Amino acid sequence: MAKAGQGPRSSVWLVGEGRRGGRRGGQPSGLDRERITEATVRLLDAEGLAKFSMRRLAAELDVTAMSVYWYVDTKDQLLELALDAVYGELRPPDPEAGGDWREQLRTLARENRALLVRHPWLSPLAGTYLNIGPHSLAFSRAVQGVMRRSGLPVHRLTGAISTVFQFVYGYGTIEGHLFARAAGSGMSLDEYFQDSMNAVAESPDTAPDVIAESRAIMSARGGDTVAEMLDRDFEFALDLLIAGIEAMIDRG
């Protein structure tokens, strides 16, 4: 059961004032919802979700915490606004403009992956809120339009979309965490990866045959850097998913 105040109708996009993004009488000058949302995204990128607070945001804006509450009722509403704002960074293809649905699906998947990596705080929020803001809905509309053009029957579309974008969600989330851990350690991604591999290999509790096999697999996939290896794995996995969709279309 949903907790009080956390049901679907508590969404900022479903309450009248939040949906309109209107101004309340007597609000502090020099602030607006767009500026507050931009500052929220900056703080989340810099410090992460765990450290974010309305008090910290107010300090960033050089206002009192109560000033922020003239524009949003709760911290949850503000996080919803930030979540939708970063979805506005996506540039999905127009499914009505024609073109190959496979390449358009690849573009959507790559854009979504890059967004998750740029904003590691996005993934937990995407699983918390309804994601019915205008930018999020525009992305969903583009995904549905591309998948409709694949030739799958309508009752199979949601399954295909889930297959692709739950994979992207998981891949981008883990990749974002990897980048964040490397940055937090003061190492480059390649340095962090090598240091981790060495630490595991030197552990007396690690099976040496497993490590040797893992090294052989990673060496075989190619790529001079960790980023290149991640790209190769992502693209191949995406090819497998698209091939699976094509196979299901052929099976009717």
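Among contacts between residues at least 6 apart in sequence, what percentage join residues at least 24 apart? In this predicted model, the figure for the protein chain is 69%.

**The whole chain**

Begin with the whole protein chain selected and coloured by secondary structure. The view shows twelve helices and zero strands, so that, under the DSSP-run assignment of helices and strands, the order of elements from the N terminus reads α-α-α-α-α-α-α-α-α-α-α-α. The chain has 252 residues, and buried residues account for 37% of them.

**Helices α2 and α5**

Next, select residues 33-47, which form helix α2, together with residues 75-87, which form helix α5. The two axes come within 9 Å of each other and cross at roughly 80°. Angles of 65 to 115 degrees count as roughly perpendicular, and α2 and α5 are therefore roughly perpendicular to each other. Now display the side chains in the contact. On the α2 side these are Arg33, Ile36, Thr37, Thr40, Val41 and Leu44, and they meet Leu78, Leu79, Leu81, Ala82, Ala85 and Val86 of α5. By class, the residues of this contact comprise nine nonpolar, two polar and one charged.

**Leu57 and the nonpolar core**

Proceed to the largest nonpolar core, which has 59 residues. Select Leu57, Leu105 and Val164, the members that touch the most other members of this core. In soluble globular proteins, nonpolar side chains tend to be buried together. Then centre the view on Leu57 and show its surroundings. Leaving aside residues up to four places away in sequence, Leu57 touches Ile36, Ala39, Thr40, Leu43, Phe52, Val68 and Leu78. Among these, Ile36 and Thr40 of α2 and Leu78 of α5 also belong to the helix contact visited above.

**Helices α8 and α9**

Move on to helix α8, residues 134-148, and helix α9, residues 154-185. Their axes lie 10 Å apart, and the helices pack at an angle of about 115°. The crossing of α8 past α9 is right-handed. To inspect the contact, display Phe139, Val143, Gln144, Met147 and Arg148 of α8 with Leu157, Ala160, Ile161 and Phe165 of α9. Seven of the contact residues are nonpolar, one is polar and one is charged.

**Arg215 in helix α11**

Finally, select residues 208-221, helix α11, and locate Arg215 within that helix. Is Arg215 buried, exposed or partly exposed? Its relative accessible area is 34%, and Arg215 is thus partly exposed. Apart from residues up to four places away in sequence, Arg215 touches Gln194, Met197, Asn198 and Ala201.

Conventions: Residues numbered from 1 in each chain as written. Predicted model: local features only at pLDDT ≥ 70, side-chain atom pairs only at ≥ 80, totals over all residues. Heavy atoms only, no water. Axes fitted to C-alpha atoms, helices over the stretch in contact; angles between N-to-C directions. Helix = DSSP H or I, 4+ residues; strand = E, 2+ residues; numbered from the N terminus. Parallel < 35°, antiparallel > 145°, perpendicular 65-115°, else oblique. Contact = heavy atoms within 4.5 Å. Nonpolar A, V, L, I, M, F, W, Y, C, P; charged D, E, K, R; others polar. Core = buried A, V, L, I, M, F, W, Y, C linked by side-chain atoms within 4.5 Å. Buried < 20%, exposed > 50% of the residue type's maximum accessible area, 1.4 Å probe, protein only. Left-handed = near helix turned anticlockwise from the far one by under 90°.
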